[in-house]
Structures are given as C-alpha cells and as structure tokens.
Amino acid sequence: MKMLGRLCVILTVALVGACAHPINIAPKAELSDSAGASIQKSVAYVISQEDRDREVTTPGGGGDLVSYFLYRDLEAGIFQALSTVFSRVTLVRKINDAPTLTKNNVSLVLVPKITASSSSDGVLTWPPTQFSITIEYYVQDITGTQVYKNLTMGNGRATFSEFSGTGDFGLSGRRAAEDVLRKLKAQIAGAKELK
Amino acid sequence: MRALLAILVFAVISGCALTAPNYSASVENAQMLRDSGINKARVGKFQADPKTANNEAISLRGSSMASPVGGKFTEYLEDAIRSELNIARIFDDKSTIEIGGVLIQNDVSVGSISEGTGIMEARITVKRDSQIRFDKTKSVTITFESSFAGAVAIPRGVQAYPNLVQKFLSALYADKEFIAALK
C-alpha cells in the first residue's frame with residue numbers, strides 16, 4: 001500500500017508537472033529579392049552551436065509557457081536577409097574559424113545576440129498572442145576591428161481565431177521573426193560603414 | 001486507491017493529437033548544396049512505404065504526432081529539401097532535374113524512460129529528363145534525452161523530429177554520388 005502511494009505521487013507529478021509547449025517561429029516569408037546583392041562583399045555571421053541548441057522558454061497564456069529554439073529558427077532567415085544585401089554569406093559556428101573565413105574570402109563578420117519575449121491576453125489558452133524579438137549585433141572586419149553596431153526589434157501579433165484556424169501556435173513569433181528580419185535587412189543595406 | 005491509480009496512469013499515457021514542428025532549414029545543409037556547384041533542381045512527389053513509413057502519424061506513448069505539411073511526412077520531407085535548395089538559390093520548379101524518393105522508415109520513440117530514439121530511411125532518386133541518375137537508400141538514427149514523465153518525454157519526441165530530418169538531409173548531401181547526379 002505504501003509503494004502504491006509513492007507510485008501515485010510520482011504519477012501525479014508526471015501528470016501535473018509544468019511543461020512548456022513547444023512551438024516553431026521560423027519565418028516563412030521569402031526575404032530574397034530578384035534585384036540581387038547591393039554590396040559586393042563576402043560576409044560571415046556567427047551562431048554558435050551552443051546558441052543554436054539552446055531552448056528558450058517564455059510566457060504563453062493561462063500561466064503556461066512556450067519553448068522554442070530562437071537561434072535555430074532565425075538562422076536561415078538571417079542568412080536570407082544578409083544574402084539580399086551581400087554577394088556571399090557564410091554561417092560559422094565560431095568567430096575565430098579562420099579556415100572557413102579565408103576559404104570564403106570573408107571581409108566582414110556579423111555577430112548577433114538574439115532575445116525574445118512573449119505574452120498572451122488569453123486566460124484559458126496557451127499560445128502567445130504577442131511576441132517581440134530583438135537582434136543586437138556588431139560587425140567587425142577581418143582584423144577584428146568593430147566597424148558597425150546596432151540593434152533592431154520586431155513585433156508580431158496573432159489572435160486565437162488564427163491559431164484555431166491554422167494550428168500554427170507559433171504564429172505571433174513567426175510574424176515577429178519576419179518583422180525583425182525585414183528591419184535587419186533594411187538597416188544593414190543602409191549602413192554606409194559596411195559598403 | 002486502485003481506481004485513483006488507474007485514472008492517473010490513464011491520464012499520463014492517454015493519447016492526444018500533436019503536430020510536428022515546422023522544419024527550420026539548416027544553413028549548413030544549404031551551404032553544402034551551394035558550395036557543391038550543383039545545377040538547379042526541383043523536388044518531385046515522394047511516396048511512402050505503407051507498411052513501415054508512419055506517413056500520417058507517429059505514435060509517442062499513445063499520442064499521435066502528425067505532419068504540419070499536408071498531413072503527410074513525405075510532404076514534410078519534400079518541403080525540407082525544397083527550403084534548403086531555396087536558401088542555396090538552386091531551387092527551380094521547372095528544372096529537368098528532379099529529386100524524389102520513397103520514405104521507408106520514419107519513426108520517433110520515447111518508450112524508454114531515459115533515452116528517445118528516431119530513425120529515418122528513404123530511397124532517394126535523382127532523375128534528369130526522366131532518366132535515373134541516382135538511386136540509393138539512405139538511413140540515419142538519432143538519440144535524445146527522454147524521461148519517465150510523459151509530459152516531458154512526449155514534447156521532446158516532438159521537438160526531435162526536425163533534427164531527424166536535418167540529419168537525414170545532411171547525410172544525403174554529403175553523398176558524393178548524390179551531388180554528382182545533380183551536376
């Protein structure tokens with residue numbers, strides 16, 4: 001009977017233990033344009049394997065949490081955003097990956113720091129209705145000298161009717177990702193320090 | 001007491017419908033394609049082995065995980081290849097080179113109390129002007145941390161699926177014969 005009681009406790013914890021709902025916020029919108037790159041330079045950007053594999057947890061609705069892989073979900077979008085501005089883009093896992101930087105004739109290296117927050121106005125539903133993503137970044141030349149620094153923020157909103165219609169519970173995050181990447185692309189394209 | 005236990009056990013293991021996360025295209029995979037110097041290609045319709053492929057649902061401790069792309073995992077795989085070709089700027093829906101295949105095994109398991117596993121096996125073909133240039137079966141497996149608690153193990157199984165697909169595609173793109181068939 002005592003053992004049965006313990007088993008009940010374990011099962012109860014397993015049942016009610018708080019757990020974040022996994023979502024995906026990778027953008028779907030095509031960032032490439034047919035006009036081609038405006039800056040004829042080969043650039044790299046750095047996302048460490050540790051950042052790529054890090055699961056981020058932020059609030060959803062009804063006291064629940066959502067979890068996602070922030071860097072992993074934005075990795076391809078950053079590649080596409082930079083590819084619309086620069087003639088060649090390469091992802092590296094370490095800023096000091098000299099063989100890859102040399103092989104690709106890289107002249108600038110962008111180092112992003114990405115953060116996100118989310119919330120929901122739903123009391124009984126967990127998907128976030130508001131999402132915000134910030135990309136803070138600096139760009140250094142091949143000697144390690146910082147040539148540019150900036151940050152940009154994107155916001156996304158979604159309603160419960162959109163979640164129930166599409167089953168896309170990461171929709172507000174996806175919209176925030178698309179917004180921040182569009183702004184990043186415009187910001188970088190307009191930075192005279194990078195030309 | 002036994003009734004309570006039965007209710008709790010049922011609650012822990014009882015099934016519900018889940019959807020696999022959308023595939024986040026791997027830039028490293030796309031760079032492999034871009035740097036290989038291959039021609040532009042399109043992605044054909046994948047088939048599934050009805051006996052082994054779990055094309056419409058993967059069971060995770062009684063819960064059912066479906067594909068977010070057309071409700072079929074063959075379409076998930078097609079979409080993943082298409083997205084990486086697209087990022088590498090070598091996707092062309094009108095190309096005469098077509099990547100296709102048959103999904104043979106497609107499974108994620110969180111049955112163990114400490115470790116989850118996944119397997120994907122597919123016969124991949126490359127056709128140029130309807131002539132087969134590549135025909136090979138590729139297979140990968142993954143392992144990931146799991147848990148006794150279904151509330152932890154099932155979401156981990158769900159999150160592992162895109163990693164399984166990414167590993168499969170990475171293995172495919174690393175195959176020199178596959179790359180040669182696309183040149």
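How many bridges join β3(A) and strand β4 (residues 65–68) of chain A, and in which sense do the two strands pair? They pair in the antiparallel sense, over 4 bridges.

## About the model

This is a predicted model, in which local features need pLDDT of at least 70, side-chain atom pairs count only at pLDDT 80 or more, and totals for chains, interfaces and linings use all residues. Residues are numbered from 1 along each chain as its sequence is written, while chains are lettered from A and ligands numbered from 1 in the order in which they are written.

Helices (H or I, at least four residues) and strands (E, at least two) are DSSP runs, numbered from the N terminus. Two strands pair if DSSP finds at least two bridges between them.

## Two sheets in chain A

Strands β3(A) and β4(A) belong to an open sheet of 3 strands, ordered β1-β4-β3, with mixed pairing. Its edge strands are β1 (21–22) and β3 (56–59) of chain A, and each of them pairs on one side only. Thr58(A) stands opposite Val66(A) in β4(A).

Another open sheet of chain A has 5 strands in the order β5-β2-β6-β7-β8, and here too the pairing is mixed. Strands β5 (86–92) and β8 (146–157) of chain A each have a single partner strand, so one side of each has no neighbour in the sheet. On average, neighbouring strands of this sheet are turned by 25 degrees against each other, direction ignored. Strand β6 (residues 108–119) and strand β7 (residues 130–141) of chain A run antiparallel and are joined by 12 bridges. Ser119(A) stands opposite Gln130(A) in β7(A).

## A helix across the sheet

Helix α6(A) lies across β6, β7 and β8 of chain A and runs at about 150 degrees to β8(A). Axes are lines fitted to C-alpha atoms, for helices over the stretch in contact, and angles run from 0 to 180 degrees between N-to-C directions. Two residues are in contact if their C-beta atoms, placed from the backbone, lie within 7 Å.

Of the 19 residues of α6(A), 14 are buried, so the helix is mostly covered. A residue is buried if 20 or more other C-beta atoms lie within 10 Å of its own, exposed if 12 or fewer, and partly exposed in between.

## Chain B overall

Chain B has 5 helices and 8 strands. From the N terminus on, its elements run α-β-α-β-β-β-β-α-β-β-β-α-α. Its C-alpha atoms fill a box of roughly 70 × 30 × 20 Å, taken along the principal axes. Of the 183 residues in chain B, 39% are buried.

Strand β7 (residues 115–128) and strand β8 (residues 131–145) of chain B pair in the antiparallel sense over 14 bridges. They form a hairpin with 2 residues between them, and Asp129(B) in the turn has a positive phi of about 50 degrees. The bridge partner of Ala122(B) in β8(B) is Lys138(B).

## A buried residue and a helix pair

Ile99(B) lies in strand β6 (residues 97–109) of chain B. This residue is buried because 23 other C-beta atoms lie within 10 Å. Among its contacts beyond four places in sequence are Ala41(B), Ile81(B) and Val126(B).

Helix α2 (residues 27–35) and helix α4 (residues 150–173) of chain B pack at an angle of about 15 degrees, with their axes 10 Å apart. The contact includes Met32(B) of α2(B) and Leu169(B) of α4(B).
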